[in-house]
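Visitor: I would like to learn about salt bridges. Could you show me an example to work through?

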Amino acid sequence: MTEGLTAPGAGWRRADGPAAEARGKRRRKGGRRGGGGEVAMVDDATFTSYYGRPIIKPPVWKSPDVPLYLFLGGMAGSSSILAAVADVTGRPTLTRVGRYTAGGGALASVVFLIHDLGRPERFLHMLRVFKPTSPLSVGSYILAPFSGAAAATAAVELLGWFPRLKRLGGVGSALFGGPLATYTGVLLANTAVPSWHAAHDQLPYVFGGSAMAAGGGVTMLFTPVAEAAPSRRTAVAGAAIELAVMHRVEHDHGIVSEPYLEGRPGTLLRAAKACTAAGAALTVVAGRRRAGAVVAGLLLAAGSLLTRFGVFEAGLVSARDPKYTVVPQRERLAAREAAALDGHAPTITR
């Protein structure tokens, strides 16, 4: 069904070559040469895109800046929630580790975002207008207060100052942590990129689960096992969500699921699933031993990072290849035409 859609000359006919040479030939339908029938002045053609070029403009976001921003922001968001929970339940080491991870991840994610934008002032320009219908605008107003609160909390934690302010900052960053971990999935799905847009119901859950796995895994690395129970539970739950929902992304959307399974994105996502599954299993089996917690945390963080790179690369592949835009459009058009015919079909009564 999709063969030849991206080859030069497929779809719109070239200005030269065999199709142009045959343009003047007359072909008759419905009979032998010279017989009667309707005269076709041009060859039958399946129109796709001009010279096989992309139909939509691929995103200009750069790699590795954007995948690292997605990973670090998600890890920071889930770590801030773990830090707030640990503070309430009397786990001082996990509280401290969670605050450092949230603050450091938040600052690093902003650095990568600004590097992708090209000029620092562009990030400030994003805050000039608040538009509730724009995931990018809403995300900017999630990222800015989260980064400020998380960084300030990590700083006062490091200096040992203002314990009440430290707790207030931790609660504030935790309130924005969940939205920060998931809004990037909404942001990608809100574009015209076929493989992202088709998975608009799943990507926020994939990114949220991946953020939980990363935050739980990283805090497990630096927290004594006696205090790390919230990290272990968060990591295992996040890994289960990520694996289950990512399976739907890879198999529930027809042709636009192909980029998640093939080529470089497929390789990245298979490695991500292997790391995430192994990390979750090791957390359950050996997470209460120091060596097991360290290895499991590394695997979970690696799986989350690879997931962000794989999803990002799959979207770019689907944006560059016109078949991922054309084929779903034709399928939707055929479905609407079939529904219209069924709705207006005459009813025969006996």
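Visitor: Which residue's side chain meets that of Lys323 in a salt bridge?

Guide: Keep in mind that this is a predicted model. A salt bridge needs a side-chain nitrogen of Lys or Arg within 4 Å of a carboxyl oxygen of Asp or Glu. Here the N to O distance is 3.6 Å. The partner of Lys323 is Glu258.

Visitor: How many residues apart in sequence are the parts that this pair ties together?

Guide: Lys323 lies in helix 12. Glu258 lies in the loop between helix 9 and helix 10. So the pair ties together parts whose separation in sequence is 65 residues.

Visitor: Is Lys323 buried or exposed?

Guide: Buried means under 20% relative accessible area. Lys323 has 15% relative accessibility, so the residue counts as buried.

Visitor: Which helix holds the residue that forms a salt bridge with Arg99 at 2.7 Å?

Guide: The closest N and O atoms are 2.7 Å apart, and the partner is Glu157. Arg99 lies in helix 3. Glu157 lies in helix 5.

Visitor: Where does Asp87 lie, given its salt bridge with Arg99?

Guide: The side chains of Arg99 and Asp87 meet at 3.2 Å, N to O. The pair ties together parts that are twelve residues apart in sequence, because Arg99 lies in helix 3 and Asp87 in helix 2.

Visitor: Which residues do salt bridges with shared partners join into one network?

Guide: Arg99 has a salt bridge with Asp87. Arg99 also has one with Glu157. The network joins Asp87, Arg99, Glu157, Lys166 and Arg167.

Notes: Residues are numbered from 1 along each chain as its sequence is written. This is a predicted model: local features need pLDDT of at least 70, side-chain atom pairs count only at pLDDT 80 or more; totals for chains, interfaces and linings use all residues. Side-chain values use heavy atoms; hydrogens and water are left out. Helices (H or I, at least four residues) and strands (E, at least two) are DSSP runs, numbered from the N terminus. Buried means under 20% relative accessible area, exposed over 50%, partly exposed in between (1.4 Å probe, protein chains only).
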